[in-house]
Amino acid sequence: SHNDKTGTISFTINKATDNAVKTVALTGWAFGDTANTPTATVTYGTPVFTYSDSENGMYSNVVPTQKGTYWVKVTIAETADYNGCEATASFEIHPKTVQPADISITGVETSYLFTGSAITPEPTVRVGGVTLTKGIDYEVRYADNTAIGTDKAKVIVTLKGNYSGSTEQGFEIRYGTLSED
């Protein structure tokens, strides 16, 4: 005869607690270029990426676009099967390098009458059809802009902020009389 026995065996399936973000990385890019996609290696789960301008700042799903240092955070949400986890990495958006030929300067005449004072025309500066803002996107300085001379005077534009590069445009300071209307 058989010894038939019945009984109950209890067991527990424990949640995995070894979930971890092994790597998180985001290669930076230049201002105006398409943003790179962050990468992460995790034990379990689907990574969700968020961004901030400081490591311990507020994170959002908005990808930054301006020059600067930023942080990407990878988050794995906790589930019934595994613990949640997160990690961060910094990345850089570099200024867009602009060649002199690609910087448009308008509003500077080819010549000005001698006044005895510095002549400081205010240029309009554009890159790729975008009008830049003085003090934010560029600075202006002048060279040899007081004395009479042929094409010695210069407006020098140096890009800054989201852009890097510089160019100059010469102008003449000449003798002459202002016509009275």
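Reply: Let us begin with one residue. Ser 52 is part of strand E4, which spans residues 48-52; strands (E, at least two residues) are DSSP runs numbered from the N terminus. The model is predicted, so local features need pLDDT of at least 70 and side-chain atom pairs count only at pLDDT 80 or more, whereas totals for chains, interfaces and linings use all residues. Residues are numbered from 1 along each chain as its sequence is written, and side-chain values use heavy atoms, leaving out hydrogens and water.

Me: Is Ser 52 buried or exposed?

Reply: Buried means under 20% relative accessible area, exposed over 50%, and partly exposed in between, with a 1.4 Å probe and protein chains only. Ser 52 has a relative accessible area of 4%, so this residue is buried.

Me: Which residues is Ser 52 in contact with, leaving aside its neighbours within four places in sequence?

Reply: Contact means heavy atoms within 4.5 Å. On that basis, Ser 52 touches Gly 57, Met 58, Tyr 59, Tyr 70 and Trp 71.

Me: Where does Ile 119 lie?

Reply: Ile 119 sits in the loop between strand E9 (111-113) and strand E10 (124-127). With a relative accessible area of 10%, Ile 119 is buried. Beyond its neighbours within four places in sequence, its contacts include Tyr 112, Tyr 142 and Phe 171.

Me: What box do the C-alpha atoms of the chain fill?

Reply: Taken along the principal axes, the box is roughly 130 × 25 × 25 Å. The chain has zero helices and 15 strands.

Methods: Helix = DSSP H or I, 4+ residues; strand = E, 2+ residues; numbered from the N terminus.
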